[in-house]
Amino acid sequence: MLKDTHTAEIEAIRSRYADQRSAVLPLLYIAQDTYGYLSRDVIREVADILSMPYTDVFEVVSFYTLFYERPVGKWVIQVCDDVPCCYLGAEEVIAVIKQQLDISEEQITQDGMFTLQRVKCLAACDRAPVVQANLEYIYNVTPERVDTMLRELRARVESGEALSISGHAAEDYEFTANGTMRLIERRLGDIPGSATSGVQRREAHKINTQVQQSVAPEPAQAVAEQRIAAESPVAPSPDRSSAGAHPDLDNEDGSATPAHAAQQDAPRAEGESA
Ligand code: FES
């Protein structure tokens, strides 16, 4: 029972709120991480801890899509299939994941490792297509990168890493220019002199652009570029890496440069207004 295995944690959460009903979300996260999903019995257990009616807790669980009422895999892979991600290949990514895992949406792989879901905008459109795995963001996923992504996720389970299906330890990952996955270091803002200062990003982007100009774009990305060019008054940058990398994101040194930042940093022509 949660009240026996997580006594201190539950009491600490309850003590934060004047009304203990307010603790329902964090307690449900603990329950989901402990049991893997929120069955009727688990929902009832949380309701008992908080002295709430079962139906009140059930309504919360059924409202939020990140609470799972049925068993899911150790990794819940959610692929954004909203418009910007689809423009850049989300449907192709989903097709490759389904093929590699031999499952459809909402199914679990035979080894219990993965569940695949479609979701709407994950609010990271500038790094589309975006995949969320147990709330960890993985940016710029292409069909060619799916295999690496799945192998990395599987390896983390096999290494004995304690996963949080509710995303307690969620981080962000990107692909480097050589196709490996890398944890993105979190920073509070663009601090001058840091590895992500505007000047350094601009310099890294410039080098990256020179290196990548001689590389032909992938067919799928070339099509996406043509679509964007046809529908946007601003022409997209022409460079793409052969590994399907986003030109503004995968720099030669493997660092990330958001597209919007690169555009802001670009020198303006004389007389051009800001
Ligand atoms: S459309 Fe996919 S993150 Fe916004």
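Pro129 sits in the loop between β2 and β3 (strands, E, at least two residues, and helices, H or I, at least four, are DSSP runs numbered from the N terminus). A cis peptide bond links Ala128 to Pro129, with omega at about -10°. Bear in mind that this is a predicted model, where local features need pLDDT of at least 70, side-chain atom pairs count only at pLDDT 80 or more, and totals for chains, interfaces and linings use all residues. Numbering starts from 1 along each chain as its sequence is written, and side-chain values use heavy atoms, leaving out hydrogens and water.

**Cores**
- The largest nonpolar core has 24 residues, and Ile77, Ile97, Ile138 and Met149 touch the most other members; such a core is a set of buried Ala, Val, Leu, Ile, Met, Phe, Trp, Tyr and Cys residues joined through side-chain atoms within 4.5 Å.
- At least two residues of this core come from each of β1 (75–80), α7 (90–101), β2 (114–119), β3 (131–133), α8 (146–158) and β5 (172–175).
- A second, separate core of 21 residues includes Leu28 and Ile49.
- Setting aside neighbours within four places in sequence, Ile138 has contacts (heavy atoms within 4.5 Å) that include Pro129, Met149 and Phe175.

- Ser51, not a glycine, has a positive phi of about 55°, and Ser51 lies in the loop between α4 (40–49) and α5.
- Ser51 counts as exposed at 60% relative accessibility (buried is under 20% relative accessible area, exposed over 50%, partly exposed in between; 1.4 Å probe, protein chains only).
- Asn140, also not a glycine, has a positive phi of about 50°, but Asn140 is buried at 5%.
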